[in-house]
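Here is a short report on two features of a protein model. The model is predicted.

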Amino acid sequence: MSSNPIDPVKLDKLAQVAIKVGLQLAEGQDLLMTAPMSAAPLVRRITEHAYKAGAGLVTTIYSDEEATLARYKYANDKSFDKGAAWLYAGMAEAFKANTARLAISGDNPMMLAGQDPDKVSRANRANSAAYKPALQLITGFDINWNIVSYPNAAWAKLMFPNDSEEIAVGKLADAIFKASRVDVDDPIAAWKEHNANLKKRWSWLNGKNFASLKYTGPGTDLTIGLADGHRWKGGASEAKNGITCNPNIPTEEVFTTPHRLRVEGTVSSTKPLSHNGTLIEDMQARFEGGRLVELKASKGQDIFNRVLDTDEGARRLGEVALVPHSSPISASGLLFYNTLYDENASSHIAMGQCYADCFVGGKDLTQEQIFAKGGNTSNIHIDWMIGSDKIDIDGVHADGSSEPVMRKGEWA
């Protein structure tokens with residue numbers, strides 16, 4: 001490239017926001033970071049800001065697209081049933097010792113599009129099983145963690161196919177900076193205000209203590225029962241280690257735990273889901289007794305059904321999230337092919353593992369107690385979008401009375 005299309009000042013602000021808002025890294029705390037090799041410029045800036053904030057030790061594990069593809073080209077068949085359990089066991093040990101977790105997303109979303117779907121799904125299943133000890137500490141919110149993004153060239157070209165690579169990267173960088181609220185003079189103040197607005201929303205929902213949510217719209221007539229003792233969250237949250245962090249940058253959602261046995265009806269996706277190199281489009285799902293019993297899609301149907309067969313909990317819901325249709329990411333009109341962004345453009349649900357922290361007193365509940373209250377357990381957690389400007393959502397009380405929560409995709 002002839003010049004750097006990524007604004008270095010905004011990139012530095014993103015690194016600061018990752019440490020000071022995303023993680024609120026504590027003095028002396030270690031940090032474990034994962035990132036694609038293309039994101040090294042952001043990794044270096046985050047590392048710098050981490051040490052300035054008093055970090056103990058910063059360790060980065062890089063992934064490389066070409067090395068990943070070499071496995072699919074040359075590895076023997078048995079390789080695809082293996083996950084790096086030793087690595088994730090080490091990560092789990094680090095989290096138990098109060099190491100913070102930061103993930104930089106930015107891989108080429110279509111990296112595995114040309115690979116054997118059977119190998120991809122086996123590799124994912126093996127990896128999910130190996131990752132579970134570390135994942136449980138993240139979904140259990142034992143530690144402060146955060147995800148931010150870096151504009152990888154392949155990702156940028158996927159989003160802006162008609163532009164040169166340089167222009168596409170610049171456009172994606174600008175979209176990331178805007179969504180992450182680092183395109184303003186004082187991003188930390190902007191995040192403080194945004195977190196306060198999200199808190200107003202989830203405080204109202206917690207005050208109402210609805211028994212279920214009722215969704216109606218084109219192709220959608222769905223009732224999602226909420227877990228017993230559920231609580232709504234969003235934006236900044238306190239982890240079990242006492243640190244308040246913003247796990248997702250960007251974030252526009254308030255979310256809670258549905259009851260895995262109390263979901264009934266039909267729902268249609270309102271945006272494509274990009275999953276491991278496959279775009280899954282026009283999904284229509286039917287739930288009975290909490291279980292997704294039938295899934296159709298115009299594209300990627302077999303792939304997604306295969307993912308849903310990962311384990312018993314994969315066909316049940318682990319999260320329900322509300323996002324206004326006017327969110328900045330939705331207003332951008334862009335499809336990011338990246339769930340971190342696309343889920344923040346639209347109300348969504350997630351198949352699989354629930355967040356233990358979305359319960360009253362969740363920090364002190366055992367896995368068994370969470371399960372008894374309706375929380376789901378699985379090796380997967382996959383969000384897909386079901387909100388639009390044509391969807392109405394009502395909150396239903398235990399006595400059957402209801403009141404509007406969203407109308408035409410906006411807060412009522």
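## The largest cavity

Twelve names make up the list to locate first. Val323, Pro324, His325, Ala345, Ser346, Ser347, Gly387, Ser388, Ile391, Ile393, Met406 and Gly409 line the largest cavity. Six of these lining residues are nonpolar and six are polar. None is charged.

The space inside comes to about 60 Å³. With a cut-off of 30 Å³ or more, the count is one cavity. Rolling a probe the size of a water molecule over the atoms shows where empty space is left.

## Helix 8: length and end

Helix 8 spans residues 187-208, 22 residues in total. From first C-alpha to last, helix 8 reaches 32 Å. That is close to the 32 Å expected at 1.5 Å a residue.

Asparagine 209 follows helix 8. The phi of asparagine 209 is positive, near 50°.

Which residues of helix 8 are buried? They are Pro187, Trp191, His194, Asn195, Leu198, Trp202 and Leu205. These residues sit on the same side of helix 8, because they cover an arc of only 105° around the axis. On the other side of helix 8, Lys192, Glu193, Lys200 and Gly207 are exposed.

Methods:
Residues numbered from 1 in each chain as written. Predicted model: local features only at pLDDT ≥ 70, side-chain atom pairs only at ≥ 80, totals over all residues. Heavy atoms only, no water. 1 Å grid on protein atoms, 1.4 Å probe; cavity = no way out; pocket = protein on both sides within 12 Å on 5 of 7 lines; lining within 4 Å. Points joined across faces, edges and corners; volume = space filled by probe spheres on them. Nonpolar A, V, L, I, M, F, W, Y, C, P; charged D, E, K, R; others polar. Helix = DSSP H or I, 4+ residues; strand = E, 2+ residues; numbered from the N terminus. Expected span 1.5 Å × (residues − 1). Buried < 20%, exposed > 50% of the residue type's maximum accessible area, 1.4 Å probe, protein only. Arc of directions from axis to C-beta.
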